[in-house]
Amino acid sequence: MNALSMILKKEFIHIIRDTITLSLVLAMPIALVLLFGFTISTDIRNAKISVLDQSKDTQSKYLIDRLSASGYFQVISYPNNEMEIDYDFKNKDIKLALIIPPNFEGSLSKEHSATLQVINDVSDLNVASILNNYVRAVVQRFTSDYNDEIKQGDGNFDITVKMLYNPESNSVYMFVPGIITLIMVLVTALLSSITLAREKETGTMRMLLITPVKKLYIIIGKVIPYMIISFISTIAILVISVTVFKMPINGSLLMLLFLCIIFMLTAASFGMLISSISRTQVDAMMITMMGLFLPTVLLSGFLFPLNSMPMVFQVLANIFPAKWFILAIKDVMIKGSGFFDIWFYLLILFIMAVVFIIFSISRLDKRN
Amino acid sequence: MSAINIRGVNKTYDGKVVALKDIHLEVEEGEVFGLVGPDGAGKSTLFNILTTLLLPDAGDIRIFQMDVIQDYKAVRQIIGYLPGTFSLYPDLSVQENLDFFAVMYKSSIEENMNIIEPIWKQISPFKDRKAGKLSGGMKQKLALCCALIHRPRILFLDEPTTGVDPVSRKEFWDILKSIRQHGITVVVSTPYMDEATRCDRIALIQNGEIIGVNPPQTIIQNFKGHLYTFKSDDIFSLLQVMEQCPLRCNYYPYGEHCHVAFYEDMETAMPQFERFLEEHQQPHSKITAIQPSVEDCFIEIVKEPINN
């Protein structure tokens, strides 16, 4: 048996005999994806709204029906004037009010345009903007159906907002790539850095270093087992996302898996880098949390859009692998991009991995 | 031929803590060389430097003519190392640990069975037990097996018997004797002075300095004082009283006994001493002269007698 396969065998024995960590690692991704998917979901169902219908004609009734039928809204009152709308906001807990102008149907048929007014409760900005998006989506569908109905080739409504790829702003589509990233960072970077730091802490690393075994083997032997576990987790997340949350995988599955493998390599090498500069398992854990986990959550564009951040953070985000991975995985899963669309991201991730590994090998056998 | 040649080695940690001061040592091939000193004397630092895991600040170290700084890779091929703390994988079984290190050294258990056999015989009944679940003595025997698996020319043992029961300690030293028959040079450190007599030569180390290198018999012969021992029911009050003793002597508790080394003419000093104890109402057993141990010699070297 050669040295590398012996090291791999040893790592797998460590993993399998540590049943608590193993079950945690395998159960956590599933728990996380369900948690995010069901509870932290930003999808809003049956939001209470009021509609001030000033025209009360066929088309306005039809639009109101469309709103109710969408499932996003529940029309709970039909105020008669704007004063009553105000009352509804204060006392009936409505989140949004829609004002349909007088002579709605007439304007549609004659001027091919109509102005709808939306009043939002912006005390919760997130909810307000999500509901706005829903209204736009419903109105857009309403207008396109209307145009089809009256068979007017070029006559149409000017709907300026066009939502591609995720027309319903379904948040699961946003969360799944983020969760995959988080899991891969947690499993590969955190665990592999802890296991290497453990060897330093317990002194087994010194025993390994004075053997003639190649340093590269020690590093690779730590990286591969956690990549495999993380790969299993990724598959589990994808299966749940597709079956439970109906998340589409628009790109090729092979491309997606290849991308994940490259990112796992980057994350695991980052873990090696961290453990090469930390002395104990606690050090490794803290540095991974502060140096990798937080940036992954905050600076990857997963929860908070990068382009609304100060320039410093936008630049800073570039040095963390997660940003590039999230860009690439969204492209593959949602837009259906192929290799030639994302090769640049892959290249960046791969170069990062190589740099991290070279650096950790050079740090591993520091003799002072 | 000298197995180890150390000249002028210094090591300071963080620019403040001086661990080793101008160490000069020579270890002959095939001998069992002991490094004896209290905790914190610098033994482990010296071992880390000798095993190529730590760089000295200054000095030149050759192991079989190879420089441990430049040729560290070649040095690593010929050394075996048993660190001061248990450094095997606790979740791997005895057999798995041994297999692992055999492969790491590109060696095999069968090839080197003749060296490790006396140890392997003792631990093989537990070969499926996890290393972390072994007793202290068994752990050290397993670690010794792993350190010998590539047939090193020189074996470094950093406090191999610390935390090991007296029976296992004796067995361990018997094993070292058998290892030596294979021509392997053994360098062993220990805080237990009684073990030092089992070495061919010992170096006494204190505060990072070597304070003497000799065979244990020579060290004992060089003892200058007259050593006496007696028992007291209240060692604590005895030691307080001893502070006022008018004689030139060194006193220290030794187990439940008190050892006193006198630097006087004993014909007049002994009656004087007995009177002194009586005056201070210190009941004691018979005061008998004894042969010094290495520990007594060590104390004589590092501690000034009172009334000097």
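Chain A of this predicted model comes to 14 helices and four strands, where helices (H or I, at least four residues) and strands (E, at least two) are DSSP runs, numbered from the N terminus. Along the principal axes, the C-alpha atoms of chain A fill a box of roughly 85 × 45 × 40 Å. The radius of gyration of chain A is 27 Å, while a compact globule of 368 residues would have one near 21 Å; the radius is taken over C-alpha atoms, and the globule rule is 2.2 Å times the number of residues to the power 0.38.

Residues are numbered from 1 along each chain as its sequence is written, and chains are lettered from A and ligands numbered from 1 in the order in which they are written. As the model is predicted, local features need pLDDT of at least 70 and side-chain atom pairs count only at pLDDT 80 or more, whereas totals for chains, interfaces and linings use all residues.

Chain A splits into domain 1 (3-40 + 170-364) and domain 2 (47-150), with bounds from an automatic or database domain assignment. The C-alpha centres of these two domains of chain A sit 45 Å apart. Of the 368 residues in chain A, 36% count as buried. Buried here calls for 20 or more other C-beta atoms within 10 Å of a residue's own, exposed for 12 or fewer, and partly exposed falls in between, with C-beta atoms placed from the backbone. As for contacts in chain A with a separation of 6 or more, 79% of them join residues 24 or more positions apart; two residues are in contact if their C-beta atoms, placed from the backbone, lie within 7 Å.

Chain B also gets two domains, domain 1 (2-219) and domain 2 (223-302). Their centres, taken over C-alpha atoms, are 36 Å apart. Where the two meet, domain 1 of chain B puts in 11 residues and domain 2 of chain B seven residues. On the domain 1 side, α7 (193-196), β9 (201-206), β10 (209-214) and α8 (216-221) of chain B each supply at least two residues, and the largest share, three residues, is from α7(B).

What about the two chains together? Their contact takes 23 residues from chain B and 20 residues from chain A. On chain B's side, α2 (72-78), β6 (79-82) and α3 (94-104) each bring at least two residues, with α3(B) giving the largest share at five residues. Sorted by class, that side of chain B has 14 nonpolar, five polar and four charged residues. Ala, Val, Leu, Ile, Met, Phe, Trp, Tyr, Cys and Pro count as nonpolar, Asp, Glu, Lys and Arg as charged, and the others, Gly among them, as polar.

On to the inside. A nonpolar core is a set of buried Ala, Val, Leu, Ile, Met, Phe, Trp, Tyr and Cys residues joined through C-beta atoms within 7 Å. The largest one has 147 residues, of which V36(B), C145(B), F156(B) and V186(B) touch the most other members. Helix α7 (residues 171-202) of chain A supplies the largest share of this core, 16 residues. A second, separate core of 18 residues includes L52(A), L67(A), I94(A) and L98(A).

Finally, I175(B) lies in helix α6 (residues 166-180) of chain B. I175(B) counts as buried because 20 other C-beta atoms lie within 10 Å. Neighbours within four places in sequence aside, I175(B) contacts P118(B), I119(B) and L144(B).
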